[in-house]
Amino acid sequence: MMHTTEAIYKYLRPDKKFPHVWCPGCGIGIVMGALVRAIEKTDLTKDEIVLVSGIGCSGRMSTYLDFNTLHTTHGRALTFATGIKLANPKLRVITVMGDGDATAIGGNHLIHACRRNIDITSIIINNNIYGMTGGQYSPTTPMARKASTAQYGSIENPFDICKLVEACGASFIARGTTFHAKMLDAMMLRALNHKGFSVVEAMAQCPVQYGRRNKLGTPMEMMQWFKDNSVSYPAFNKIPPDEVGDQFPVGVLVNREDTEYTDRYREIVKKAGGDVP
Ligand SMILES: Cc1ncc(C[n+]2csc(CCOP(=O)(O)OP(=O)(O)O)c2C)c(N)n1
Ligand code: SF4
């Protein structure tokens, strides 16, 4: 097992891109740590990995991590990632997106990446808000929670990201939280080893834009809330709907084999008489 300092120097860009922009107590760093620990457990070299992000606090991860990285336009991480994967299917392509990035402006790309079952791992960091731009409500802001654009509380039903991507055809789906950092490492490792479109929703505290506005306490208290309200999928499915309250399921929701898009694409290229690398 690599010493923490060694791992930091191996996977981060310590001389170039720091200090980072994340607020004290932000959960995004914990998610980044889980991703690094998962990658360390694969046999992938840094050159075999491409990390693509959109714009937002979560999107900054591609700036700090020392893989082949692309910091793309808001909502478009999956479009760039799809092009990269089609051009060179041997690469392990990972996208990092915020909840707004993935399910609002990039929502259309997300559902179609699921439908194609393209071999990309998507880490969706769900902090229930648009962090970077001042705390506007996103498609995952829970009903009645406050945002800069919902001063009296949101009146929209939120998306359940895992259910959304399940309905659209993703073949590996898991949800973890920053409280369950070890579990998050393991989910990410399984997602990275999965052939097909894999999604890990990482619930992360944004103490500044979401927590403060909704009086959710310190970052530690927000993580304690994750601990207190998370239930494994099998146990969650047994809770009667009127008793669910704030509880939410964590763990692996879907893990199945299915044909993958770049394989199907290469078959078509061959049928058409073209060359595939
Ligand atoms: C085309 C476009 N529209 C809007 C923006 C402004 N913008 C930048 S980040 C962001 C929201 C980020 O929220 P989220 O994806 O949830 O990530 P977080 O910052 O919470 O990690 C928005 C709306 C932009 N940069 N580009
Ligand atoms: S605004 Fe929220 S998500 Fe963005 S860095 Fe600060 S705490 Fe993290």
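User: Hi! Where does Met-203 lie?
Analyst: Hello! Met-203 is in strand β6. Helices (H or I, at least four residues) and strands (E, at least two) are DSSP runs, numbered from the N terminus. This is a predicted model, where local features need pLDDT of at least 70 and side-chain atom pairs count only at pLDDT 80 or more, while totals for chains, interfaces and linings use all residues. Residues are numbered from 1 along each chain as its sequence is written, chains are lettered from A and ligands numbered from 1 in the order in which they are written, and side-chain values use heavy atoms, with hydrogens and water left out.

User: Thanks. Is Met-203 buried or exposed?
Analyst: Met-203 has a relative accessible area of 9%, which means that it is buried. The cut-offs are under 20% for buried, over 50% for exposed and partly exposed in between (1.4 Å probe, protein chains only).

User: And what does Met-203 touch?
Analyst: Not counting residues up to four places away in sequence, Met-203 touches Asn-126, Arg-175, Gly-176, Thr-177, Thr-178, Phe-226 and Phe-248. Contact means heavy atoms within 4.5 Å.

User: On to the core. Which residues of the largest nonpolar core touch the most other members?
Analyst: They are Val-31, Leu-35, Met-61, Leu-65, Ile-123 and Met-188, out of 32 residues in that core. A nonpolar core is a set of buried Ala, Val, Leu, Ile, Met, Phe, Trp, Tyr and Cys residues joined through side-chain atoms within 4.5 Å. Elements that give two or more residues to this core include α2, β1 (49-53), β4 and α8 (181-193). Its largest share, eight residues, comes from α2.

User: What does Val-31 touch?
Analyst: Leaving out residues up to four places away in sequence, Val-31 touches Met-61, Ile-123, Ile-125, Thr-178, Leu-184, Met-188, Ala-202 and Ala-204.

User: Changing topic: what surrounds ligand 2?
Analyst: Ligand 2 is surrounded by Trp-22, Cys-23, Cys-26, Ile-28, Cys-57, Asn-127, Gly-131, Cys-206, Pro-207 and Gln-209. A residue is near a molecule or strand if one of its heavy atoms lies within 4 Å of it.

User: How many charged residues does the shell around ligand 2 have?
Analyst: The shell has no charged residues, with seven nonpolar and three polar ones. Here Ala, Val, Leu, Ile, Met, Phe, Trp, Tyr, Cys and Pro count as nonpolar, Asp, Glu, Lys and Arg as charged, and the others, Gly among them, as polar.

User: Now helices. At what angle do α6 and α7 pack?
Analyst: Helix α6 (residues 107-116) and helix α7 (residues 161-168) pack at about 50°, with axes 8 Å apart. That makes α6 oblique to α7. Angles under 35 degrees count as roughly parallel, over 145 as roughly antiparallel, 65 to 115 as roughly perpendicular and the rest as oblique. Axes are lines fitted to C-alpha atoms, for helices over the stretch in contact, and angles run from 0 to 180 degrees between N-to-C directions.

User: Which residues make the contact?
Analyst: From α6 they are Leu-110, Ile-111, Cys-114 and Arg-115, and from α7 Leu-164, Val-165 and Cys-168. By class, this contact of α6 with α7 has six nonpolar, no polar and one charged residues.

User: Backbone next. What is the phi of Asn-117?
Analyst: Asn-117 has a positive phi of about 55° although it is not a glycine. Most residues other than glycine have a negative phi, and most peptide bonds are trans. Asn-117 sits in the loop between α6 and β4 (120-126) and is buried, with a relative accessible area of 1%.

User: And Lys-215, buried or exposed?
Analyst: Lys-215 is exposed, with a relative accessible area of 76%. Lys-215 also has a positive phi of about 55°, and its place is the loop between α9 (207-211) and α10 (219-229).
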